[in-house]
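Subject: The two-chain model

Hi there,

Here is the structure I promised to pass on. Have a look at it first, and then read on for what turned up.

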Amino acid sequence: MTNLSIMIVGVGGQGSLLASKMIGTVAMKKNFDVKVSEVHGMSQRGGSVVTYVKLGKKIASPLVEQNGADIIMSFEKLEALRWMDYLKKDGKLIINDQRIDPMPVITGKEKYPEGIIETLRGEYGDNVISIDALQIAKDLGNIRVVNMILIGILASKTSIEKEVWLEALREVLPAKLHDINEKAFEIGYSFAVI
Amino acid sequence: MKQLMLGNEAVARGAYEAGVTVATAYPGTPSTEITENIAKYDEIYAEWSPNEKVALEVAIGASIAGARAICSMKHVGLNVAADPLFTVSYTGVNGGLVIMVADDPGMHSSQNEQDSRNYAKASKVPMLEPADSQECKDYVKEAFRISEAFDTPVIVRLTTRIAHSRSLVEINEKENYILKDYKKDFNKYVMMPGMARKRHVEVEKRMANLTEYANKTDLNQIQWGSKDVGVITSGIAYQYSREVFGENASYLKIGMVYPLPVDLIKEFAGEVKTVYVIEELEPFIEDEIKKEGVKVIGKELLPVLGELSAKIIKDRILGVGEETISSKEIHLQTPARPPVLCPGCPHRGVFYVLRKLKLTVTGDIGCYTLGALPPLESMDTCICMGASIGMAHGFEKARGREFREKTVAVIGDSTFIHSGITGLIDIVYNKGNSTVIILDNSITGMTGHQHNPCTGFTIKNEPTRQVDLEKLAYAIGIERVRIVDAYNLKELEKTVKEETATEEPSLIIAQRPCALLKNVRFEGPLKINREKCKLCKMCMKIACPAIVDNGSYVEVNEALCVGCDLCTKVCNFNAFERVGGNSD
């Protein structure tokens with residue numbers, strides 16, 4: 001496998017740790033080198049946050065640069081727009097169709113852009129995958145599985161076997177959460193194979 | 001066995017494997033997780049100290065008593081601990097002593113981007129700098145060996161991208177370190193002028209020996225590739241350089257950044273055509289090399305501001321800027337997303353009141369520094385830990401009573417213990433009349449919930465004695481101490497008005513636990529009844545990220561709202577209702 005560069009972006013507090021943990025576990029199962037770069041501290045308080053995950057034969061820098069991401073997974077629409085220039089031209093952009101207004105929008109100083117998904121489709125076409133994961137999670141009865149739905153989509157866009165992802169899921173999460181998360185993962189995994 | 005570990009976690013593992021038995025720290029991003037992880041080892045005594053100076057003093061005590069000790073802090077913490085650092089350099093150690101310092105280039109969560117390598121040079125203490133998690137672990141163990149072999153404290157420097165990156169680490173067994181004997185040694189450990197003069201001679205000898213060692217140790221290695229380009233680099237800058245040049249360059253990777261391996265550098269420079277020094281922040285390595293007359297290129301091309309990246313190196317050295325779509329219009333319109341006080345944050349109400357009263361607010365370091373940002377904008381200053389209190393006093397002494405009556409200092413509970421107490425004593429002693437507000441949220445918030453002397457629990461979650469802020473204030477001579485609920489806006493406003501009008505020093509303790517604490521429960525999200533809402537937008541003034549103005553109406557983002565009900569206290573029309581029930 002050539003090196004795989006993934007970015008997980010969102011709003012501080014949305015929780016990207018589970019995704020990076022799972023990808024890390026998957027990488028180790030496949031005997032890949034792996035580096036994950038996280039954000040702690042002030043940005044975690046509702047700011048724009050980004051986690052970089054790189055796996056492959058040998059990884060030097062833990063960061064992904066502009067035009068460098070194979071996959072960007074965004075927990076929020078505006079954040080997908082913010083980080084779009086980090087995506088490779090043929091990269092995949094997975095977007096949770098959720099809107100969280102940043103303070104400059106709340107105070108009326110700036111406007112939340114309209115039609116973000118359409119804009120991004122204009123740049124990246126069918127490589128933009130948008131999903132209302134919050135609604136699906138609510139229907140499943142646990143809004144905390146939003147992450148796992150998105151991870152499911154992400155997994156389907158890599159060449160790594162599905163079973164390895166599921167093994168990682170079971171290793172990372174406590175047993176009582178396996179069922180609902182496996183369901184969420186499957187929904188995500190099959191979502192993108194349309 | 002290999003594990004995927006955060007740099008900070010690997011440091012903790014290194015300390016464990018090295019047989020450390022005493023670990024101290026004051027939390028600070030990006031260093032906090034070092035000691036959080038050390039605390040998980042039952043074999044190691046760990047503590048959150050009140051501040052970095054005390055933390056280092058405890059570690060020095062443990063070292064002189066014969067144990068291996070580690071003390072961790074962020075870059076600005078080393079300013080606080082600089083006093084003991086400069087003199088423990090003279091005394092040297094008994095058991096190994098390692099000081100972890102984590103710099104924050106780019107200031108992800110800091111008030112400046114000082115380069116701690118200058119402390120190594122200024123205090124004449126050797127410094128190592130790892131480039132990934134494996135090296136974090138290995139270098140900490142090596143630092144203990146150097147500490148004992150050369151009778152010196154050793155600083156290990158991390159930067160944010162090393163401290164907060166995960167990479168693979170090989171786990172080893174714990175070393176069986178036996179506590180060294182303690183012997184009273186007046187000449188070594190009592191730094192009065194007569195003894196210190198002799199110790200300074202030892203320090204100079206030690207530095208000479210360490211420079212010799214630097215040329216031989218594996219910490220500094222040459223990795224040959226193409227000899228057209230030679231790169232002298234260390235830490236995360238090494239990884240970025242590798243990313244850019246790959247095998248098209250040779251590398252002198254420096255693991256011991258002070259003292260530098262001068263002979264090795266000369267040898268390397270002599271073998272390659274062009275030498276670049278690639279380092280983040282200050283030209284620390286570059287200046288030392290240029291002083292030796294070796295021709296290198298560094299900060300002529302690379303920035304001293306912010307973080308380095310592979311992209312910057314590519315752009316500035318190779319001159320191959322890549323086209324990105326960031327210049328397109330849509331991208332330029334993307335609104336910024338600065339951090340905000342969380343929904344339910346008990347600080348919000350306090351800043352709402354301070355803004356309403358149009359007060360000058362000297363601020364401090366913590367989550368509540370976010371009260372300086374729009375739309376609350378109710379903080380005038382933020383310098384360093386504890387500064388709010390001394391600065392309020394300074395304002396009064398410069399501008400007199402009238403100005404003082406419109407001024408308050410605002411500080412968190414942990415920051416107050418760290419270095420606010422001395423400022424408050426100053427106000428009392430020097431006849432100040434300032435009003436100080438302690439935002440007591442029962443935890444150290446910004447760094448991710450660490451206990452402190454006010455919370456009643458230790459780092460290992462054991463119950464302990466608790467500082468009583470009220471009694472403390474009385475004991476130092478404050479006679480007016482007021483305790484209010486941070487959610488009670490009316491009471492807060494009344495109290496602040498009364499205390500700022502009083503001609504004596506006073507302390508207001510605004511209490512409410514951090515909304516993110518597990519034991520804090522709310523009744524669930526609110527919504528706005530649009531029939532009752534008169535669009536007066538009073539609720540927008542509390543700057544809650546969950547209340548959104550959609551132009552024609554105001555609504556609550558139910559996914560964010562926790563139900564703290566602060567908005568109900570500013571709404572005159574009872575428009576807020578509990579989702580799935582009444583707000584009453």
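Which residue in strand 11 of chain B is the bridge partner of B:G230? The partner is B:S250.

Before going further, a word on conventions. This is a predicted model, in which local features need pLDDT of at least 70 and side-chain atom pairs count only at pLDDT 80 or more, while totals for chains, interfaces and linings use all residues. Residues are numbered from 1 along each chain as its sequence is written, and chains are lettered from A and ligands numbered from 1 in the order in which they are written. Helices (H or I, at least four residues) and strands (E, at least two) are DSSP runs, numbered from the N terminus.

**The sheet around strand 11 of chain B**

The pair B:G230 and B:S250 belongs to a parallel pairing, in which four bridges join strand 10 (residues 229-233) of chain B to strand 11 (residues 250-254) of chain B. Two strands are said to pair if DSSP finds at least two bridges between them. On these terms chain B has an open sheet of four strands, with mixed pairing and the order 9-11-10-13. Its edge strands, each pairing on one side only, are strand 9 (220-223) and strand 13 (274-278) of chain B. Neighbouring strands are turned by 15° against each other on average, direction ignored; the axes behind such angles are lines fitted to C-alpha atoms, for helices over the stretch in contact, and angles run from 0 to 180 degrees between N-to-C directions.

Helix 11 (residues 235-245) of chain B packs on this sheet, where it touches strand 10, strand 11 and strand 13 of chain B, and its direction makes about 160° with that of strand 10 of chain B. Contact here is between residues whose C-beta atoms, placed from the backbone, lie within 7 Å.

Strand 9 of chain B pairs with strand 11 of chain B in the antiparallel sense, over four bridges, and B:N220 has B:I254 as its bridge partner in strand 11 of chain B. Buried stands for 20 or more other C-beta atoms within 10 Å of a residue's own, exposed for 12 or fewer, and partly exposed for in between, with C-beta atoms placed from the backbone. One side of strand 11 of chain B carries B:S250, B:L252 and B:I254 and the other B:Y251 and B:K253, and both faces are covered.

**Where the chains meet**

Chain B has 48 residues in contact with 47 residues of chain A. Helix 11 of chain B turns up again here: strand 8 (165-170), helix 11, helix 14 (310-318), helix 15 (329-332) and strand 20 (547-549) of chain B each supply at least two residues of the side that touches chain A. By class, that side of chain B has 24 nonpolar, 16 polar and eight charged residues. Here Ala, Val, Leu, Ile, Met, Phe, Trp, Tyr, Cys and Pro count as nonpolar, Asp, Glu, Lys and Arg as charged, and the others, Gly among them, as polar.

Strand 8 of chain B also pairs with strand 2 (residues 33-37) of chain A, in the antiparallel sense over three bridges, and B:S167 is the bridge partner of A:K35. Both strands sit in an open sheet of eight strands with mixed pairing, in the order 6(A)-5(A)-4(A)-1(A)-3(A)-2(A)-8(B)-1(B). Strand 6 (128-131) of chain A and strand 1 (2-6) of chain B are its edge strands.

**Some backbone details**

The peptide bond from B:T29 to B:P30 is cis, with omega near 10°, and B:P30 lies in the loop between strand 2 (22-25) and helix 2 (32-38) of chain B. A cis bond also runs from B:P374 to B:P375, with omega near 0°.

B:K358 has a positive phi, near 55°, though it is not a glycine; B:K358 is exposed, with 8 other C-beta atoms within 10 Å. For B:D565, also not a glycine, phi is about 70°, and B:D565 is partly exposed, with 16 other C-beta atoms within 10 Å.

Notes:
Contact = placed C-beta atoms within 7 Å.
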